[in-house]
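Trainee: I would like to go through this structure with you. Please hold each label against its definition.

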Amino acid sequence: MSALGGAAAGGEGINPTASVIGIVILLVALGITFFIASTGGAIALIGIIIGGALIGFGVHFVPVGGAPAAMGQAPGIATGVAMLAAGAGLAGLFGGAWAAELGFAVALGAGAVGGGLMMAITCMMVNVIYVFGMGIPSASGKVDKDPITGDTFPEYKSQGTEGHGLPFISYVGGVIGGTLGGLGGTLIYVELLAVYEAALPVIYNAPLEEILPVAVSLAGIFAVGMFLVNAVLTAYNITGTIEGPHDPKFKRFPRAIIASAVASAVCGMVAIMVVAL
Amino acid sequence: MSVKVEVSEGGVPHDRIMAIGIVGSLVAIYLTYLNVLTGTQIFSFFGGIGAVFAIWWGTDSIKTLCSYGIGTGVPSAGMISLGSGVIAMLLATKLGVAAPIGLVIIAAVLGVILGFLSDKVLNMNIPVMIRQLTELTIVGALILLGFASMATGSFAFIDMITGTTTFFGIEVATYSASLIGGSIIAVIFMLGGIAIQHPFNACLGPNESQDRTQMCAAECGFLSMIAVAVMSFAFLSVSAAMLGLLVAFIGWIYTYNEYIKLSKRDAYDWLDAKPIREPKGGA
Amino acid sequence: MVENLVLGIGVTALAGALATVAGAAEDTESDIGSQGDPNSQVQLAPQMGYIHRIFNKAVSGEPPAYGLWCALGAGVAWAFMAINLNAILALIVGAAVAVFVQGVYATTAYLGRTASLAKFEQPVYIDILKSVTTVTMAHAFVAIFTTISMCYLMVAALGHPFPLPLLGLVWGIALGAAGSATGNPFYGKERQYQEQKFGAGVPISASGNIVRYAEAGERSSLDNGWFTSKLAGPASGLCFGLIVFFELWRTVLFEPFAGGWGAVIAGVVVILIFMVIDRFIETWARTTFGPYTEAAAAEPEEATS
């Protein structure tokens with residue numbers, strides 16, 4: 001992303017009191033939504049909460065090395081974690097939104113595959129550049145052995161670095177991360193779109209075909225906004241860089257899921273209130 | 001290797017910048033209401049001025065937040081600010097005349113929750129986290145409301161989802177040719193997201209000075225305003241849009257010139273087509 | 001969804017080709033400007049005593065920056081189409097406005113970052129500003145124009161429900177993500193640290209010691225574009241082109257099957273194929289290049305630090 005890294009204060013473990021308060025906020029948001037938008041709104045909000053949690057969980061899988069990765073000093077993709085996840089998730093949202101008229105399940109499937117496809121191609125090209133452009137094999141800095149393929153890394157790690165490239169476990173993590181991000185983003189979009197498609201024609205007394213662009217746009221921009229909020233919160237959780245599911249930082253994911261779920265609940269409540277008030 | 005974030009000491013205190021920012025922004029956004037009172041569109045440009053105030057304030061908030069080392073880049077703060085701001089802003093536009101005030105309250109509630117989540121649930125333990133994320137959410141929402149009201153001439157939701165288009169010479173009201181229906185809101189979203197993080201990200205370094213960073217913030221604000229003015233031709237009368245473009249352009253030229261002067265003042269040296277001069281200590 | 005399959009396939013191919021050009025131009029632009037992660041080294045070098053004449057275009061990461069340029073280009077194009085301007089002309093005007101904004105951001109970033117390095121005796125070279133900014137703007141124009149043209153095709157010919165500006169935002173961020181992921185290592189390691197050993201990562205102790213002199217005279221950022229446009233640029237283009245092409249191809253061709261699930265299944269198959277290719281590349285590198293140290297191969301525990 002930028003030149004900034006810096007030691008962040010992010011400690012390990014879950015803060016129980018804060019998490020309970022967070023969950024209370026989530027339930028209150030759900031209650032308010034049920035009160036003002038009845039069962040339909042509350043079910044949509046549950047979908048949005050699940051979508052947000054999926055994004056928060058998915059970002060943990062994406063192997064991001066930040067600035068050191070651009071010098072072959074650390075493994076991962078050389079860009080910022082929130083933005084790479086956003087790139088994959090929004091590519092998924094593109095596919096999901098396209099398939100939205102074919103039904104709920106197909107849209108989710110299309111969104112998930114879209115995100116996964118984007119990461120599959122990007123991660124492969126990263127390895128193409130590392131291997132054919134720079135002559136550097138992949139090596140992880142955090143583990144000695146690839147949990148999937150059983151490749152050993154220490155002897156493939158060049159001197160004075162923490163590893164480089166994308167080992168297979170990171171590749172798989174990237175694809176899973178993109179898939180979950182695309183799935184979560186599309187879920188938020190589809191739920192909001194259903195709410196707006198139902199409410200807007202009634203409020204403004206207009207046929208659905210005419211007001212559909214507004215519903216699509218509102219759902220789209222809210223999905224993008226919530227995606228970025230969740231991705232940045234997760235980036236704060238993993239403090240910048242992560243190698244993938246084998247990284248010790250991966251174990252921090254429970255608290256990111258709590259945070260993303262609560263943030264999505266509150267944001268989703270506000271987004272539903274736009275048409276319910 | 002990461003670069004240590006260093007923040008200049010002294011200068012205008014953050015509280016004063018915040019006070020100027022919030023009052024200036026609200027007053028300017030409310031001035032667009034003159035459009036409704038007088039039945040014209042020429043006061044639309046005040047929305048852009050409001051957004052410039054908000055960007056100017058948000059830059060200092062980002063600086064305060066990022067001086068703690070948040071573990072990822074400065075731009076992420078701009079993204080979370082606008083991402084939560086857009087949600088608060090669109091709900092606020094439903095409140096009629098109370099929209100700008102309601103926006104501050106809604107965004108503050110949203111920002112406190114996001115700040116609490118980052119600080120306590122994610123264990124970041126940064127003392128200013130709750131306050132700065134609250135400010136940034138308000139700033140993000142104000143930028144969006146300001147630019148949206150500049151583009152459409154109004155801060156009411158109904159005006160943002162309806163537009164007119166000419167169809168074989170006849171004016172037809174349509175939902176798709178509107179600020180939200182055409183997703184111009186997405187452009188404003190990115191304009192604000194980059195403008196709010198750019199000044200501190202661009203000026204960071206050991207010799208960062210507050211007046212230069214804040215001048216860059218005003219410059220980014222007016223630059224974004226130019227872009228919004230160009231897009232407002234789709235929604236406003238030509239004269240109103242031209243006035244917005246003119247105001248934005250004059251503001252941008254002035255701030256850009258001042259920014260170059262301040263850069264010249266702070267730079268170690270100002271050279272044109274000269275070779276590398278190795279430092280006196282030797283490389 | 002698309003009535004005419006042949007038209008759909010043609011548009012898919014055209015969009016993929018536009019995306020390839022966009023990716024190549026995007027990466028070359030960001031490398032000339034030293035945007036993205038390699039920027040950290042340009043920023044670090046003067047602090048380590050290495051004064052240089054490299055552009056320092058720290059606007060933000062490439063994904064949000066391109067998210068803005070493409071969304072803005074698409075938004076302006078949309079606005080001009082809304083007042084009945086010809087679509088092609090509107091796209092060109094949109095790209096031109098976006099490039100103006102990009103150029104201004106580039107200059108403020110260079111001035112800001114460099115002036116803040118006064119403590120380390122790094123001067124501002126305004127001839128860099130004059131000669132390099134225009135070149136990055138030219139590349140950015142190509143990248144933005146091709147991306148928003150591609151988005152326009154998706155709306156006009158393929159019937160995607162998103163309005164043009166939202167598509168510009170989505171694909172702009174994806175373009176920046178693909179370009180920075182693929183292109184950054186090549187510029188950061190191969191070019192900035194050209195003097196370091198080939199086939200190995202840059203040792204952390206060498207950080208900041210970027211190459212500042214050229215074959216004759218001093219290295220200019222334009223040389224970096226000349227270098228990276230040979231591999232990193234086309235590779236980024238291929239990356240983004242493949243993403244766009246397969247994303248559209250699987251939908252246009254396979255969506256009619258199994259109530260839409262055909263496109264999902266096709267996507268999964270494509271992902272698995274790329275996974276196999278990636279695994280092949282990884283093992284090829286391991287067997288062909290071999291380990292760095294034989295001793296460490298026998299006793300991996302000692303090599304771990």
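Predicted model: local features only at pLDDT ≥ 70, side-chain atom pairs only at ≥ 80, totals over all residues.

Trainee: Why does Glu121(C) count as partly exposed?

Mentor: Glu121(C) has 16 C-beta neighbours inside 10 Å, so it counts as partly exposed. The cut-offs: a residue is buried if 20 or more other C-beta atoms lie within 10 Å of its own, exposed if 12 or fewer, and partly exposed in between, with C-beta atoms placed from the backbone. Residues are numbered from 1 along each chain as its sequence is written, and chains are lettered from A and ligands numbered from 1 in the order in which they are written.

Trainee: Where is Glu121(C) found?

Mentor: Glu121(C) sits in the loop between helix H4 (87–115) and strand S1 (124–125) of chain C. Helices (H or I, at least four residues) and strands (E, at least two) are DSSP runs, numbered from the N terminus. The phi of Glu121(C) is near 65°, a positive value in a residue other than glycine.

Trainee: What makes Asn205(A) count as exposed?

Mentor: Asn205(A) has 8 C-beta neighbours inside 10 Å, and therefore counts as exposed. Asn205(A) lies in the loop between H5 and H6 of chain A. Its phi is positive, about 55°, although Asn205(A) is not a glycine.

Trainee: And why does Ile14(A) count as partly exposed?

Mentor: Because Ile14(A) has 14 C-beta neighbours inside 10 Å. Ile14(A) belongs to the segment before H1 of chain A. Setting aside neighbours within four places in sequence, Ile14(A) is in contact with Ser19(A), Pro254(A) and Arg255(A). Contact means that the C-beta atoms of two residues, placed from the backbone, lie within 7 Å.

Trainee: How do you know that H5(A) is mostly covered?

Mentor: Count the buried residues: 29 of the 37 in H5(A).

Trainee: What span does H5(A) reach, from its first C-alpha to its last?

Mentor: H5(A) reaches 53 Å, close to the 54 Å expected at 1.5 Å a residue. The expected span is 1.5 Å times one less than the number of residues in the helix.

Trainee: Why is chain A called as compact as a globular protein of its length?

Mentor: First, the elements. Chain A has seven helices and zero strands. The radius of gyration of chain A is 20 Å, close to the 19 Å that the globule rule gives for 277 residues, so chain A is as compact as a globular protein of that length. That radius is taken over C-alpha atoms, and the rule is 2.2 Å times the number of residues to the power 0.38. Along the principal axes, the C-alpha atoms of chain A fill a box of roughly 70 × 40 × 35 Å. Of its 277 residues, 74% count as buried.

Trainee: How many residues make up the contact between chain A and chain C?

Mentor: Chain A gives 75 residues and chain C gives 80. On the side of chain A that touches chain C, H4(A) gives the most, with 21 residues. By class, that side divides into 47 nonpolar, 25 polar and three charged. Here Ala, Val, Leu, Ile, Met, Phe, Trp, Tyr, Cys and Pro count as nonpolar, Asp, Glu, Lys and Arg as charged, and the others, Gly among them, as polar.

Trainee: Which element gives the largest share of the side of chain A that touches chain B?

Mentor: Start with the totals: 56 residues of chain A are in contact with 45 residues of chain B. The largest share of the chain A side, 19 residues, comes from H6(A). That side has 38 nonpolar, 16 polar and two charged residues.

Trainee: What makes a set of residues a nonpolar core?

Mentor: They must be buried Ala, Val, Leu, Ile, Met, Phe, Trp, Tyr and Cys residues joined through C-beta atoms within 7 Å. The largest such core has 324 residues, and those with the most contacts inside it include Ala88(B), Ala174(C) and Ile243(C). H6(A) gives the most to this core, with 20 residues. Leaving aside neighbours within four places in sequence, Ile243(C) is in contact with residues including Ala91(A), Leu117(A) and Ala178(C).

Trainee: How confident is the predictor in chain C?

Mentor: The mean pLDDT of chain C is 90, and 95% of its residues reach 70 or more. pLDDT is the predictor's confidence in each residue, from 0 to 100. Over residues 296–305 of chain C, pLDDT stays under 50. For the complex, the predictor gives an ipTM of 0.91 and a pTM of 0.93.
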